[in-house]
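Me: Could you take a close look at one part of this protein for me? I'd like to go through one set of strands and the loops that go with them.
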Amino acid sequence: MASVQLSAGPRVSVSPAAALVAMPSVAAAASRGRRGYRGLVVRAATVVSPKYTSIKPLGDRVLVKIKTSDDKTVGGILLPTSIQSKPQGGQVVAVGEGRSMGSDSIEISVPVGAQVVYSKYAGTELEFDGSDHLILKEDDIIGILDTDDVKDLKPLNDRVLIKVAEAEEKTAGGLLLTQATKEKPSIGTVTAVGPGPLVEDGSRKPLSITPGNTVMYSKYAGSEFKGEDGEYIVLRVSDVMAVLS
């Protein structure tokens, strides 16, 4: 399960040849400017030559201008480039023509200009016109977020937004649990739902889960976020196992 705070780890910006070297060499590159690594995941950003002045996504793909990374902590401490967090969101700047379902043509549902949040490892990173971009499939967009608080997220397609129940503070025997020993619950309250998946005729099938439902979901599914009033998780409705009452 991807666990994030509207941000992902540092991006790797290396050439394809450099990606083949041993990990110590990659680690050494991490100390020089923008290069870094996250575990064994190596992602190379494609640099688009200045001679190209526009990018037009094809099919059901979307081009997102990635939100600028924070270069300081909340306390004002300047962060080295190697540990700055890369936001997991940005603004849609171009969309493809959509996709076909039978004889029907389905347009992209996310408009240009929308502020979106996307899956942690989605898409292909680009450096274009001096800014970082991501080209990804529409289905990799989790939702639209017009504010800085995840509770306002509008899920897309078959996804639901759930506010996670607070972990138990004590054991059944009355022992106080520390933060490290609290068991993370897989129960929460649905706060928003997407319009539903597309069906063969191009319409959307409404989800059976509605806001206000208390649900149990798969422990290793979805993407987690920290909101101002608690923790949230966004996942597909297929990862919800039961409604509790």
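How many bridges join β12 to strand β13, and do they run parallel or antiparallel?

Reply: Quick housekeeping: this is a predicted model, where local features need pLDDT of at least 70, side-chain atom pairs count only at pLDDT 80 or more, and totals for chains, interfaces and linings use all residues. Residues are numbered from 1 along each chain as its sequence is written, and side-chain values use heavy atoms, with hydrogens and water left out.

On to your strands. β12 and β13 (residues 154–155) run antiparallel, joined by 2 bridges. Strands here are DSSP runs of E, at least two residues, numbered from the N terminus, and two of them pair if DSSP finds at least two bridges between them. β12 (residues 141–144) also runs antiparallel to β9 (residues 115–118), with 3 bridges joining them.

Now the loops. Asn-157 sits in the loop between β13 and β14 (159–164), and its phi is near 55 degrees, a positive value in a residue other than glycine. Asn-157 counts as buried, at 10% relative accessibility; buried means under 20% relative accessible area and exposed over 50%, with partly exposed in between (1.4 Å probe, protein chains only).

You'll find Asp-129 in the loop between β10 (124–128) and β11 (131–137), where the residue is exposed, with a relative accessible area of 68%.

Technical notes: Helices (H or I, at least four residues) and strands (E, at least two) are DSSP runs, numbered from the N terminus.
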